[in-house]
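Visitor: I am new to this structure and would like to learn how to read it. Could we go through it feature by feature, beginning with the ligand?

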Amino acid sequence: MRLTDTPAWRKLQQHQKDISGIHMRDMFAADPDRANRLSIELDGIYIDYSKHRITAETLDLLFSLADQADLKNRIDALFNGSLLNRSEQRPALHTALRSPAGTAIKAGNTDISRPIHDELSRMEQFVNRLRAGEIKGYSGKSINTLINIGIGGSDLGPRLAYDALKDFKTSSLSVHFVANIDAREINAALSGSDPETTVFMVSSKSFSTEETLTNAKTARQWLLERGCNEPEKHFIAVTANITAAENSGMPSENIFKIWDWTGGRYSVWSAIGLPVAASTGMDNFYQFLAGAHCMDEHLHTRPLAKNIPVILGLLDIWYINFFNAKTLAVIPYDQSLHYLPGYLSQLIMESNGKYIDQDNQPVDYNTSAVIWGNVGTNAQHAFMQFLHQGTHLTPVDFLLGMNHSEDQKAHQDILVANCIAQGEALMAGNSHMLSEIKPDYKIIPGNKPSTTIMYGQLTPYTLGMLLAMYEHRTFVQASIWNINPFDQWGVELSKKISASIIDELDGHKTNSTHDSSTSNLIKRYLKSIDSK
Ligand code: F6P
């Protein structure tokens, strides 16, 4: 039966009509216990989902939808290594990367727990030596700079976690991230670095990504031009394609392995997270894994009605499929998480931006929302107007860290007050005071949904929990929609076209098979080179 024909879906459609005229203000007024009932806590993370356009019946119907989509079994299948990534005939076992040693986990017939922990040990040895100044460059000086070269999942996760955990930095190592093929980014990283003391970490699951390989080549050239006679001492790699890394001249002891069952956007838990470990130390990296494992256990063992990623994923379904919401805004009131919206846009949109379902049929409902956002309070002075008075319904995630250091109290109180005020204003608006509000353009309708995710200090453990929560929320959405969140075929076609255009630019010619717009753009670029 198609999802849209299931009784739960039909009932949700009717239910949306029944409650869409009810204001959340009235829901709160009618039920003083609403915030307590619609909130949930796990290991220091408190999630308030009471400011949503839901009743007890809404949740019941969403849980019925989850039952009809067989969500419980799908969650089991995620953990037991079933081939959930059907288009690539692979399991998706990122949860195994954060399982404690000694837990038997199978990918097909192979126990993968042992190799995962062996690789973590290799990473630990390297990280400890690097932090101790024992890794030396060609001239015998200790390495003091690490430049991560990778893009997409080989960049966004470590970049976010490294930046978010700067308060836990216990090394003088200088760390940079280079993703873009635009040479400005690598030039900026190289310009402040010393070839004698810099190591490049080439992070690429496939070891075939054009941007990454080109940036790595530029890095090598930079070393050679500055007198480096042993460039292999200045490169490490993290990849699932060991052969390609070795063929590029990388010594095998400098290569860390990831596996084909880890999607790029789910890989920060592997050696892809090495920059985080190098900066904060391996104990903190293990804490990061432990936080994620806590969220894994929660997803796997808690009933659906008390399950954080399930509740949040079903709320996404409620707005996307029944209120026709097209976007979700993520607004951390925590400067440490300023990379989070960008990270989540890959995690969620690359995972769930799909129109073909797992049975190879086009879907007849919307899938991933557009994920966007920025830190608060900056967002208030930029786009919050759109959320309060715009015409699109946009659910918001607020993330709020409790940073209690005395020297920052004056700032922190204002930050917290602003975050809490935004949620209240979005929910309540001022339209109940119509007689006092004139003219109409000052009326704020309210009834705009938001979730507030509160936590203590952003520790490695908490960050691990939060990122795993978003991974699983994405999985819950995909399970309801019956789509594969672990492939990304949509990005392949443009890679092929760009390869052929690169050839054309190289040969100074335009391929006649292009449309006139594309041909004109190529010609214009070639002309600009010629006129130089
Ligand atoms: O082009 C998309 C993508 O394949 C992402 O899924 C991935 O995270 C990124 O490119 C980088 O891929 P790789 O780690 O193989 O270089």
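Visitor: How many Å separate an oxygen atom of the ligand from an N or O atom in the side chain of Ser204?

Guide: Please keep in mind that this is a predicted model. A polar contact is a pair of N or O atoms within 3.5 Å, and in the side chain of Ser204 such an atom is 2.6 Å from an oxygen atom of the ligand. Ser206 also places a polar side-chain atom 2.6 Å from a ligand oxygen, while for a polar side-chain atom of Glu350 the distance to an oxygen atom of the ligand is 2.7 Å. On its own the ligand has 390 Å² of accessible area, and the protein covers 87% of that.

Visitor: Which residues around the ligand come nearest, and what kinds of residue make up the shell?

Guide: There are 15 residues around the ligand, of which Ser154, Ser204, Ser206, Thr209 and Glu350 come nearest. By kind, the shell consists of nine polar, four charged and two nonpolar residues, and the place where the ligand sits is the largest pocket.

Visitor: How is the chain divided into domains?

Guide: A domain may be built from separate stretches of the chain, as with domain 1, which takes in 3-68 + 302-487, whereas domain 2 covers 108-285 and domain 3 covers 493-530. Between the C-alpha centres of domain 1 and domain 3 the distance is 43 Å.

Visitor: Where in the backbone is there a cis peptide bond, and which residue other than glycine has a positive phi?

Guide: The cis peptide bond runs from Gly376 to Thr377, with omega near 10°, and Thr377 belongs to the loop between β11 (370-373) and α15 (384-389). The positive phi is that of Asp43, near 45°, and Asp43 is found in the loop that lies between β1 (39-42) and β2 (45-48).

Methods: Residues numbered from 1 in each chain as written. Predicted model: local features only at pLDDT ≥ 70, side-chain atom pairs only at ≥ 80, totals over all residues. Heavy atoms only, no water. Near = heavy atom within 4 Å. Polar contact = N/O pair within 3.5 Å; in protein donor to acceptor, adjacent residues only side chain to side chain. Areas by Shrake-Rupley, 256 points an atom, 1.4 Å probe, with all protein chains shown as cover. 1 Å grid on protein atoms, 1.4 Å probe; cavity = no way out; pocket = protein on both sides within 12 Å on 5 of 7 lines; lining within 4 Å. Sits in = over half its atoms within 2 Å of the grid points. Nonpolar A, V, L, I, M, F, W, Y, C, P; charged D, E, K, R; others polar. Domains from an automatic or database assignment. Helix = DSSP H or I, 4+ residues; strand = E, 2+ residues; numbered from the N terminus.
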